[in-house]
Amino acid sequence: MRSGWGAPDTSPTRLLLLRHGQTPLSVERRFAGRGDIPLTAQGRVQAEAVARRLAARTIDAVVSSPLERTLRTADFAAKALGLPVEIEDGFVETDFGDWEGMTFAEARIHAPEAVDRWVSDPEVGPPGGESFAAVARRVGAARDALVSRHRGRTVLVVTHVTPIKVLVQQALTAPLSALYRMHLDTAALTEVDVYADGPMVMRSFNDTAHLA
């Protein structure tokens, strides 16, 4: 974290991190990166449920990854909140390259050595894709830009599994390998506070109470 936002404060920028609703690939636990995958009918139900929950909160801005599944999820929340949707490319999902649309097991059959390298080193990406270390750098830059624009406000960020895990990993100052030890459900909320002098604090993780 850098400290260029100004003097220390007691009112953080609160990031409500929302994973998009269910998609056909999430049902089958397939790699879903840069492809424009639509929500399923259940995904739309999930997006409506989280929008109803968020409508009861004071939220100042809605920011979304540019992909269809996040934009559609964000649209439900933005309508409930009476806010526009800001698009932030830095919160897009990992580029899974050649593994897009595959399950982990299929990728291992297709390229076992590449999978072994990928799971053992965050600096290694899938063939033709993006490493988790590269994702962490761009997500960190997107977070800094967002905090600069919305300092001290509460912002809903509709994004994907990897960017949310990265923001949690950064909040906890954990190693990047911690990404392999987190699970996030579709339409789950995670809450992180970002203070102007640099520290981040995780308030909640993988909250799906609105889906009960």
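Author: Let's start with strand pairing: two strands pair if DSSP finds at least two bridges between them. Here strand 1 (residues 13-19) and strand 5 pair in the antiparallel sense over six bridges. Helices (H or I, at least four residues) and strands (E, at least two) are DSSP runs, numbered from the N terminus. This is a predicted model, where local features need pLDDT of at least 70 and side-chain atom pairs count only at pLDDT 80 or more, while totals for chains, interfaces and linings use all residues. Residues are numbered from 1 along each chain as its sequence is written, and side-chain values use heavy atoms, with hydrogens and water left out.

Reader: Which residue of strand 5 is the bridge partner of T13?

Author: That's V194. Strand 5 also runs antiparallel to strand 6, with five bridges joining them; there, V192 stands opposite M202. The hairpin of strand 5 and strand 6 has five residues between the strands, and in it G198 takes a positive phi near 120 degrees.

Reader: Is strand 5 buried or exposed?

Author: Go by relative accessible area: buried means under 20%, exposed over 50%, and partly exposed in between (1.4 Å probe, protein chains only). Six of the six residues of strand 5 are buried, so the strand is largely enclosed by the rest of the structure. Both of its faces are covered, with L189, E191 and D193 on one side and T190, V192 and V194 on the other.

Reader: What does D193 meet in a salt bridge?

Author: The general idea is that side chains of opposite charge can pair when their charged atoms come close. A salt bridge is counted when a side-chain nitrogen of Lys or Arg lies within 4 Å of a carboxyl oxygen of Asp or Glu. D193 meets R203 this way, at 3.5 Å from N to O. The pair links D193 in strand 5 (residues 189-194) with R203 in strand 6 (residues 200-207), ten residues apart. D193 is buried at 2% relative accessibility, whereas R203 is partly exposed at 49%. Both belong to a network of salt bridges that links R14, R57, E191, D193 and R203.

Reader: How many salt bridges does the structure hold?

Author: It holds 16. One of them joins the side chains of E106 and R30 at 2.7 Å, N to O. That pair links distant parts of the chain, 76 residues apart: E106 is in helix 4 (residues 104-110), and R30 is in the loop between helix 1 (24-27) and helix 2 (41-54). E106 is partly exposed at 33%, and R30 is partly exposed too, at 24%. E130 forms a salt bridge with R138, the closest N and O atoms being 2.8 Å apart. E130 counts as buried at 13%, and R138 counts as buried at 17%.

Reader: And how do I read a helix contact?

Author: Contact means heavy atoms within 4.5 Å. In helix 6, F132, V135, A136, V139, G140 and R143 meet T162, P163, V166, L167 and Q170 in helix 7.

Reader: Where is Q169?

Author: Q169 is in helix 7 (residues 161-171). At 9% relative accessibility, Q169 counts as buried. Leaving out residues up to four places away in sequence, Q169 touches A174, P175, L176, L179 and M182.
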